[in-house]
Amino acid sequence: MHMYLSLAMTISAGIGFGYGLYRFFRDESALYVRMIIFSVGCAMFGRLFETLQYLVNGELGNGFHVGMLGIIGSFLFLFSANFGQMDSVVDDGSPVFRKTRLISLAAPLVIIAIWCLIAFTKGLNKTTIPLGIETLFIAQASYFHLKHLIIKDVEYGLIKAIRNYNLFALIYALLCMLEMLVESFNLPVFCIVIVYVLQCIVLILFVPVLERGVKKWTT
Amino acid sequence: MKKHFKCRSLTSVLLTILLLATLIVPMTLPVNAARKRFITELRVEAGLDAVATLEGDGWSVMLVGLNVTPDPASQVYLAFKQDTGAPITNVMASPDVGDTLTDSKGIVYTCVSHVDLDEGIDGTAGCLYATTDERAGAPLVGLDVIRGDSENGDVLYPITNDGAEVVRTPSGAPADLENTENTGVVYLAQIRDGIVRPYISEIGVVTDTDKWNAVYTACERGFNYYVEGDIDNSTDTYTIIAYDRTANPEDALTSVTAVSEATIRQLEEEQIIDSSTESGKHYTAAAITISGASYIRVSGQPVSAETPFYLYMTKDRSAGNPVSMIYAETPEQTQNFMFGMWANSYFFSPGKTTAYMYCMNEDLYMTLWEDQTVCTKVPVPYLDGFTRPIAIETSEENAADPETVSETAEESSGQPSDSGKETTDPAKPEADGKSDHVKYINLTMLTPRNGLPASAGRITGMQDPDNIAFVERTQRSDRVNKFQASVFSGNLGIALIAGGVVIAGAAVFVIIRKRSGKKVPAATGKTKK
Amino acid sequence: MDNLTYIAFIALTVSLALMLPLMEKKTRRVMIFMIVGIFACLFISEINGILLKTFNKNIYYVTTTITPVTEEIIKMLPILYCAIVITDDRRTLMANSFAVGVGFALLENVVILTQNVESVTIFWALVRGFGSGLVHGICTVMVGLGVSYVKKRRKLFYCGTFALLSVAIIYHATYNLLVQSKFQYVGILLPILTYIPLLFLTVFKKSKTSKTEKQ
């Protein structure tokens, strides 16, 4: 079952990635957008590896596996796009945004709390430690997504236009954490399926939602 | 502005609540049971299309044929299915071709498929039979085909010391699946659930003309492990210690001791209990008591040595902790050697079962070596005399020890239990200066003081086989490594040092350049001139 | 045969190094990076040897999980050095990256060939040639892309390079996984299918740029 779920995720991310390549790589487009497309591509590669691992070995094995780097890379791209590109545009570091910055910490805190729950229940071992590292990358990306979701737009609607995308990215981060949770606690199949299906939907809609927002930049 | 912030704060609070809610809801749901993968169906097919047909029908085929023959048309394949029904608990091979057979315990076996194991090569191996009866043992989680050809110089022992159990015939002999006049030998090994059995439960002494025959006889007697090395001094015979394992420390041996034949004779001569049994009998004490612990004899005949001796074992906890390993070593061999040999031979696998990897043994070896507290090297006390008169054990005392003592003694020695004898204080022969016996035997037991270390679970190179099918691993071992994906070396280390120096040098160079403020052409597309 | 990797390294690099003085500057740099790639392979073989021991000689696990990580990191180092000290021009970096990757694959293929000389086939040559050569090349190019931001945009460099490194590691591990499984054919197709679009994209962009420059 896990193999098929991973395959579904690979296909969904592949659709998202393919669509992004088709829409944004024909002509010169913003590096910010490209990085987000790379993020979906990275997720696709990670899931592809997991699918193949299931296909070849029948199991993913305990502890670290390379497929985890798909999630890490994916969130690093998202983080990189926000931190390296967008954040300096929307937040000039002035005290006006101090409150926003503080509130935005809620997202990484919740995400880290989910991992802490796993770690406290299962203990620190070769399974939970790699998950913890993964969590750190998800948490740091989620900070900027929440920040860009709630921050006051002062730059001609630049950030307002992509708020839906940021919401999607935040949901994606949450779903990744929920995936960890359902896998760690061996929850019923329908829980696992729901989390995976929601991730599939998010991965497919990621780029189109971003595209809708980005279009507003030029209109 | 204020309204904006209020709105955003509310959003973030709601989101946090949502996140927490999604956390709590799944937590309240039940947990799935862990999966197990047992072998539930077996099938044997022969011929050119056997593999394709079986795979087409959804069977997993073991790609190692059951015949040692270059003719693909005479090749016999074994296929299995997992988790489709009741798990198989034992497999047997019998030349009697029928639908069922019943073993000595009354367990009924069903014929796997009416395909002769020697199909096309005129042998008498017969058919495979399997049972799902729980009395036959723990469910099977893996199979392994072990093949050898004496023409190629292969010496194939039916006992592999790797925890796998060879498939036997109804008479208990190891089943050679290529029972022909050819030089090939094929054994089928079965791997049971709960293969990690760290303690020794039974031992036996087997003497035969050579090592192969001794191991074969040990296998016939139901043992699945043997100690490497000939423990007698005769050039005409080969004597090994065979043993079996258990996961239950309560069922484990706690000590093994050797008693000289002369001592036993002296004991019997001086302490004859029943004159009615005196006449024409070869007296050997089937059960003795040393320091309050009851020992039972495991060698029916004395082991040939300058001073012939008998081996005794006990499960009495007063004699020590459960024994994990017995190793026969000469006095010149060091403890280190013993550890090494254990690490090598305990789970040494001459077959294709990569599930038990040498490296894992090495890992255990390291654990034992580093943590000296977990093992005790106890030379087996070699009793060649008693300093005090031996008290005659009363019949009540004898009865106090469970029947198993005499039963096991009978099983091990093949002789009836004579009587119980008690020694109140056994002599310590080493202290007496009688050291010539060490020329012949120095049995060593490895006894964990506080149970086995945590890593003991890894001694077989596998975890509890919840989700792992060992058969898959078996098949993986057949892969050739020409598609190996990386290069491994590790003897010279020159490249490692050179690489380290280059990296460090480059880093220092970059730092010095930065400090000296040298500008490097940036983002111009032009290279440095 | 213990120092087989060293023998192959010397045999390859000496002959390539002798060619260096005769080459033009641009091609010489590419060749130097190729030699660097060969040395990186030699270096990593030692590290891999240690890792193999550490992970209980489980070649399959090590090659699908560990060596992709170490190999990609080591291959990145010369590119990073090039970007900091020599040039951070993207196109030059890409060429150098590919050279490092190909050099790496060259020694790897030679060593594996000599270790399995009795069992190798034309199919093996195709798998190793197209597969391994391209995989190492493409992976290093991916990392090179991130490294090219080292001086232009530090924020992008740190996160972007690590992200691209992750992609390269996954890609590499996927190839290693496939090539050691029964899906070897897919293993060989993966890098080819990636390389062809990349090649088209690069050639297409090049011609587009030269056209614009001419105008």
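1. Contact between chains A and C. In this predicted model, 21 residues of chain A are in contact with 19 residues of chain C, where contact means that the C-beta atoms of two residues, placed from the backbone, lie within 7 Å. On the side of chain A that touches chain C, the elements giving two or more residues are helix H2 (31-57) and helix H3 (67-90) of chain A, and H3(A) gives the most, with ten residues. By class, the residues on that side of chain A divide into 14 nonpolar, seven polar and no charged; here Ala, Val, Leu, Ile, Met, Phe, Trp, Tyr, Cys and Pro count as nonpolar, Asp, Glu, Lys and Arg as charged, and the others, Gly among them, as polar.

2. Basis of the description. Residues are numbered from 1 along each chain as its sequence is written, while chains are lettered from A and ligands numbered from 1 in the order in which they are written. As this is a predicted model, local features need pLDDT of at least 70 and side-chain atom pairs count only at pLDDT 80 or more, whereas totals for chains, interfaces and linings use all residues.

3. The helix pair H2(A) and H3(A). These two helices of chain A pack at an angle of about 175°, with their axes 7 Å apart; axes are lines fitted to C-alpha atoms, for helices over the stretch in contact, and angles run from 0 to 180 degrees between N-to-C directions. H2(A) and H3(A) are therefore roughly antiparallel to each other, a term used for angles over 145 degrees, while angles under 35 count as roughly parallel, 65 to 115 as roughly perpendicular and the rest as oblique. The contact of H2(A) with H3(A) has 15 nonpolar, nine polar and two charged residues.

4. Chains A and C as a whole. Chain A has eight helices and zero strands, and chain C has seven helices and zero strands; helices (H or I, at least four residues) and strands (E, at least two) are DSSP runs, numbered from the N terminus. Of the 219 residues in chain A, 51% are buried, and of the 215 residues in chain C the buried share is 53%, where a residue is buried if 20 or more other C-beta atoms lie within 10 Å of its own, exposed if 12 or fewer, and partly exposed in between, with C-beta atoms placed from the backbone. Among contacts with a separation of 6 or more, residues 24 or more positions apart account for 79% in chain A and for 73% in chain C.

5. Nonpolar cores. A nonpolar core is a set of buried Ala, Val, Leu, Ile, Met, Phe, Trp, Tyr and Cys residues joined through C-beta atoms within 7 Å. The largest has 144 residues, and those with the most contacts inside it are Ala173(A), Met177(A), Ile38(C) and Leu107(C). Helix H6 (residues 154-179) of chain C gives the most to this core, with 16 residues. A second, separate core of 88 residues includes Ala46(B), Ile203(B), Tyr312(B) and Ile326(B). Leaving aside residues up to four places away in sequence, Ala173(A) touches Ile111(A), Ile138(A), Ala141(A), Ser142(A) and His145(A).

6. Chain B and one of its sheets. The secondary structure of chain B comes to ten helices and 22 strands, and 42% of its 529 residues count as buried. An open sheet of three strands has the order E11-E13-E12 (chain B), with antiparallel pairing; two strands pair if DSSP finds at least two bridges between them. Its edge strands are strand E11 (199-208) and strand E12 (225-227) of chain B, each of which pairs on one side only, and the twist averages 35° from one strand to the next. Helix H3 (residues 211-220) of chain B packs on this sheet, touching E11, E12 and E13 of chain B, and its direction makes about 135° with that of E11(B). E12(B) and strand E13 (residues 238-246) of chain B pair over three bridges in the antiparallel sense, and Tyr226(B) stands opposite Ala242(B) in E13(B).

7. Another sheet of chain B. A further open sheet of three strands has the order E8-E10-E9 (chain B), again with antiparallel pairing. Strand E8 (140-149) and strand E9 (165-166) of chain B stand at the edges with a single partner strand each, so one side of each is left without a neighbour in the sheet. E9(B) and strand E10 (residues 184-192) of chain B pair over two bridges, and Val166(B) stands opposite Ala189(B) in E10(B).
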